[in-house]
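Here's a quick tour for anyone who likes to look at a model before doing anything with it. Have a look first, then read on.

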Amino acid sequence: MGEMVNVAVDAMGGDNAPGEIVKGVVEALNADRRIKVFLAGREPLIQEELKKYTYDPERLEVVHAQEVIETGEPPVMAVRRKKDSSIVKCMYLVKEGECDALVSAGSTGALLVGGQVIVGRIKGVERPPLAPLIPHMDGVSLLLDCGANVDARPGQLLQFAKMGSVYMEHVIGVANPRVGLVNIGVEEEKGNALTKEAYPLLRHCPEINFIGNVEARDIPLGAADVLVCEAFAGNIVLKMLEGVSGALIQKIKAGMMSSLRSKLGAALVKPALKRTLKGFSTEEYGGAPLLGLNGLVVKTHGSSSAVEIRNSILQCIAFKEQNINQKIKEQVVLGD
């Protein structure tokens, strides 16, 4: 068995806390013996949920936290004032080296603030990007940034490209990942001031495999392995993909149930269709890492089910075993 990976999990964050969070934690513990979880939140509620499951108690520690940072709270003020909140307790577990990573479905703003203020940035990293994996026809792409930096500068997009390349190669296993700049056209001169200035920086960087501009319509086709943009555009891309995927799945299900003939056909294609649709479910790929911090911070959807929590915890294994932070230092900081 490899070295133990200690993961702090916010039990109180998200719409389905603590039930789905605790279930996902147990599933992760039972899936891989390299995981130890520090589950932060209101202990009586957590213990009540844990009674439903069988797991190795030696690899689960409950950390009592009385307070909860709600989604609508101002993040800076909440992180400062609610020191006994589950998110802040998780942050300090990572900062103090007791945990390698943290996973939360809670307030995105609090995670972004706490990640930079408490966990801290790797020296030389200007802005940590939020980087979810998004499915396409042949696999997944890493989209960064999707929510942390709406006013990024050209040099920061270059850092995003380097960090994204490290993650895709060493965590996902994509050799020489293709980097694309999200833009409104494939021509070099297209775009706004940011993309026009970022393009030559990316093109002349020897550490990345830059393939040029990528239009949004080509993203679901797998046009690039690493998709670089500032968070305003990235969040729109991400939310549009999620919305279209959900709408298509609903339309397919409705069409298959529309008549006796379609129901019979649905019974025949159901196994293959289920496998195909599973590949387009964001739950299967875990949460979005906030790259460039001194420890791993993973943000999952606020509506996360146990599946996404489990996969988010398990993705922390590769991050630690591949020593991603050291590789980011070598590529992004020492390589500049």
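## Ground rules

This is a predicted model: local features need pLDDT of at least 70 and side-chain atom pairs count only at pLDDT 80 or more, while totals for chains, interfaces and linings use all residues. Residues are numbered from 1 along each chain as its sequence is written, and side-chain values use heavy atoms, with hydrogens and water left out.

## Two nonpolar cores

A nonpolar core here is a set of buried Ala, Val, Leu, Ile, Met, Phe, Trp, Tyr and Cys residues joined through side-chain atoms within 4.5 Å. Buried means under 20% relative accessible area, exposed over 50%, and partly exposed in between (1.4 Å probe, protein chains only). The largest core holds 60 residues, and Val9, Val37, Leu39 and Ile313 touch the most other members. Helix H6 (residues 154-172) gives the most to this core, with nine residues. A second, separate core has 37 residues, including Phe38 and Leu93.

Who does Val37 touch? Leaving out residues up to four places away in sequence, its contacts (heavy atoms within 4.5 Å) include Val7, Val9, Arg59, Glu61 and Ile313.

## Helix H6

Helices (H or I, at least four residues) and strands (E, at least two) are DSSP runs, numbered from the N terminus. In H6, 15 of the 19 residues are buried, so the helix is largely enclosed by the rest of the structure.

On a 1 Å grid over the protein atoms alone, a pocket is an open set of points where a 1.4 Å probe fits, with protein on both sides within 12 Å along at least five of seven lines; lining residues have an atom within 4 Å of a point. The second largest pocket is lined by 19 residues, and Cys146, Leu238, Lys299, Thr300 and His301 are the closest to its centre. Helix H8 (residues 231-256) gives the most to this lining, with four residues.

Two cis peptide bonds are worth a click. One joins Ala17 and Pro18, with omega about -5°; Pro18 lies in the loop between strand S1 (5-10) and helix H1 (19-31). Another runs from Leu144 to Asp145, with omega near 15°, and Asp145 lies in the loop between strand S6 (139-144) and H6.

Asn176 has a positive phi near 45° and counts as exposed, at 54% relative accessibility. Asn323 also has a positive phi, near 55°, but counts as partly exposed at 42%.
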